[in-house]
Every structure is written in structure tokens, then in C-alpha cells.
Amino acid sequence: MSKCPLNSPFDPAEDGAEMSFDGRMSYGDYLSLDAILTAQKPLSDAHDEMLFIIQHQTSELWMRLAVHELHAARDCLLAGDSRQAFKMLARVARIFEQLNSAWDVLRTMTPSDYTHFRDSLGQSSGFQSYQYRLIEFMLGNRNKAMLRPHAHDADVTALLENELSQPSLYDVALRLLSNSLPLPAQVLSRDVSLPYQASDAVMQAWTTIYQAPETHWELYELAEKLVDFEDYFRRWRFNHVTTVERVIGFKRGTGGTGGVSYLKRMLEVELFPELWHLRTEL
Ligand code: HEM
Ligand SMILES: N[C@@H](CC(=O)c1ccccc1NC=O)C(=O)O
């Protein structure tokens, strides 16, 4: 007679599942779940504040991985290991795709829901996300004014300043490009802590790559990986500003900026300008 599953439920221990974790590392130990799952501390009674907190915390976790991958990708490019770097850049693009999908969850929060706890946020804002700023700095969108909200935190300031002292991912890409096609000295020895200025000579060089991809395959692949990433990054910015307009309209931001007007201005930022402009020339 076959056993009835309801009368004698399956015991995974019979299948070898470990059931005793006294003194042994468990799933929760390895992942530090005690710390992560007790880090949600709503300041109001509003139901949606939990959504808001978790949305931001998960975004910061994905950004942590993006920083890890971007660091490694830049190191690989500097060491001449482009293939590894391409893998990492592809992953960073996927991370941003993940962040883009996540807006759908936050968009279930209506303006009325948000007003129940917006005042509790004080003057805090995503504008003060140091990981977001680090990602922008790593990619090449460098603006020293963005250090100021972090002046109260010496460690974060040091982290961001250290990043500004190193060539950005795009600076490294241009150094690789210059190994195959000559670039002006002012591009290669620029002060990397300053914002990047688009250059005709760089656009000419990238245009040459795109006109004969098969003879410059690695540089072509690198360029397309960068464009692919910027494509996802632009979508993130667009999703953000659209969600913000939907939730707070044209109110000023808690961080003190004009809100939607500031975020719309950021939509115009080009991380890898020549890689977009060359397309008109092909
Ligand atoms: C209802 C949801 C949200 C609203 C109303 C909102 C609103 C705003 C506003 C108004 C700004 C401009 C700065 C200011 O004055 O505050 C801003 C900046 C920012 N927000 Fe959000 N935000 C939302 C969700 C998010 C989420 C989920 C993230 C993910 C981490 C995020 C990350 C950022 C970042 C990184 C900036 C700085 C952007 C830059 O400087 O280019 N925001 N947000
Ligand atoms: N800047 C938002 C507040 C906000 O969104 C926020 C506040 C604290 C922590 C993260 C936030 N998210 C993104 O800016 C606002 O003006 O309503």
C-alpha cells in the first residue's frame, strides 16, 4: 500500500538534508541575515514606508555589486585582459536592467501613499547616495561639487576623492584606443579629476573603429559594451524622473534641488559622448 503524503509528510532528513546547525555555519550566518533583515527601520506608521526602504536598500546592494564589477573591469582593462572585462561590463548592464525592472514595484506607491511618510525623510535624499556617485565617478561623470554632501563623512569623502584621482573607465578605454590609433596628448594626459570634454580627435578614432570592426574587434567590442551599459543607465535615469514626477509632481526634492527639473537636466549627461556622436558620421 502506498503511503498517503498527508498522513506521513515527507521528512527531508531522510533524503540527507542537514537539520542541525548548532555550532555550524548556516544559511543565515553566511549571509548575515540578522544584520540585513533587522535594518528596516520605518520612522512612521505608513504602510508603504517598508516598500520605500527595501526598494532603496536593494538598490544599494545591487550598486555595491556594480562597484565591485566596475573596479575589476577597469583593472582587467589596464592589465590587458579585455575578455574578462567584457564579461564584467555585461554583468553591470544586467544589474541596471534589474534596477530598471524594480521601478515597477515602487510605482505601485501612489502620491497619497507617499505623503503619509515623506515628512519623516527630512532632508535625506538619493542625491546623497555615495555609491551612486562613486559609480558615476568611475564611469567618468566627474563633478567635484558632488563631494560636498559627503563632507561630514571623512571615509566616504576619501573614497570618492581617491576615485577622482584615478583614470575613469572611459579614460582607460581611451588609453587602449590610443594603442591602435593616435590620440592627442591633452586627451591622454588630462587632469582625470575634472569633467571629461568630448574631443573631435577621439570621435574620429572611434569612427575608424566602427568603420572596420573586424580589424579592431576588441576595441569595437569594448565600445559596444560601454554603449550598452550607458543605454541601461539612461533608462534608469528616465525611470527615476518619471516615477518622481508621478509621485511628487514638480515639488522641490528633500535634497534641496528643484526635483524633476534637476533630474531632467541629468538626463542630458553623456558618459561616453563620442561613442554616441560617431553614429551620425557612419
Ligand atoms: C518615490 C520615490 C522617489 C522619489 C520621489 C525620488 C525623488 C528624488 C528627487 C526629487 C531627487 C533630486 C534630489 C533632491 O532634491 O532630493 C532624487 C535624486 C536621486 N534619487 Fe531619488 N527618488 C525616488 C526613488 C529613488 C530610488 C528608488 C533610488 C534608488 C537608489 C533613488 C536614487 C536617487 C539618486 C541616486 C539621486 C541622485 C541623482 C543625481 O544626482 O543624478 N531615488 N530623487
Ligand atoms: N528626494 C525625495 C526623497 C527620496 O526619494 C529619498 C529620501 C530618503 C532616501 C532615499 C530617497 N530616494 C531617492 O531620492 C523627495 O523629494 O521626496
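Tutor: Axes are lines fitted to C-alpha atoms, for helices over the stretch in contact, and angles run from 0 to 180 degrees between N-to-C directions. This is a predicted model, in which local features need pLDDT of at least 70 and side-chain atom pairs count only at pLDDT 80 or more, while totals for chains, interfaces and linings use all residues. Residues are numbered from 1 along each chain as its sequence is written, chains are lettered from A and ligands numbered from 1 in the order in which they are written.

Student: How many helices and how many strands are there in the chain?

Tutor: Helices (H or I, at least four residues) and strands (E, at least two) are DSSP runs, numbered from the N terminus. Read along the sequence, the pattern is α-α-α-α-α-α-α-α-α-α-α-α-α. The count for the chain is 13 helices and 0 strands.

Student: What share of the 282 residues of the chain counts as buried?

Tutor: A residue is buried if 20 or more other C-beta atoms, placed from the backbone, lie within 10 Å of its own, exposed if 12 or fewer, and partly exposed in between. The C-alpha atoms of the chain fill a box of roughly 80 × 55 × 40 Å along the principal axes. Of the 282 residues, the buried share is 21%.

Student: At what angle do the axes of H8 and H11 cross?

Tutor: The axes of helix H8 (residues 169-180) and H11 come within 11 Å. H8 and H11 are roughly antiparallel (over 145 degrees; under 35 is roughly parallel, 65 to 115 roughly perpendicular, the rest oblique), because their axes cross at roughly 155°.

Student: Which residues of H11 make the contact with H8?

Tutor: Contact requires C-beta atoms, placed from the backbone, within 7 Å. By class, the residues of this contact are 6 nonpolar, 1 polar and no charged (Ala, Val, Leu, Ile, Met, Phe, Trp, Tyr, Cys and Pro count as nonpolar, Asp, Glu, Lys and Arg as charged, the others, Gly among them, as polar). On the H8 side stand Ala173, Leu176, Leu177 and Ser180. They meet, in H11, Leu219, Leu222 and Leu226.

Student: Which residues of H7 are met by H6?

Tutor: Helix H6 (residues 130-139) and helix H7 (residues 154-164) pack at about 10° with axes 9 Å apart, which means that H6 is roughly parallel to H7. The contact has 8 nonpolar, no polar and 2 charged residues. Tyr130, Arg133, Leu134, Phe137 and Met138 in H6 meet Val156, Leu159, Leu160, Glu163 and Leu164.

Student: Which element gives the largest share of the shell around ligand 1?

Tutor: A residue is near a molecule if its C-beta atom, placed from the backbone, lies within 6 Å of it. Of the 24 residues around ligand 1, Ser125, Gly126, Gly253, Gly255 and Thr257 come nearest. Helix H3 (49-78), helix H11 (217-248) and helix H12 (260-266) each give two or more residues. The largest share, 5 residues, comes from H11.

Student: How many residues of the shell around ligand 2 are charged?

Tutor: The residues surrounding ligand 2 include His56, Arg118, Ser125, Gly126, Gly253 and Gly255. In that shell 2 residues are nonpolar and 7 polar, which leaves the charged count at 1.

Student: Is Asn100 buried, exposed or partly exposed?

Tutor: Asn100 lies in helix H4 (residues 82-106). Beyond its neighbours within four places in sequence, Asn100 is in contact with Tyr232, Arg235, Trp236 and Asn239. Because 16 other C-beta atoms lie within 10 Å, Asn100 is partly exposed.

Notes:
Contact = placed C-beta atoms within 7 Å.
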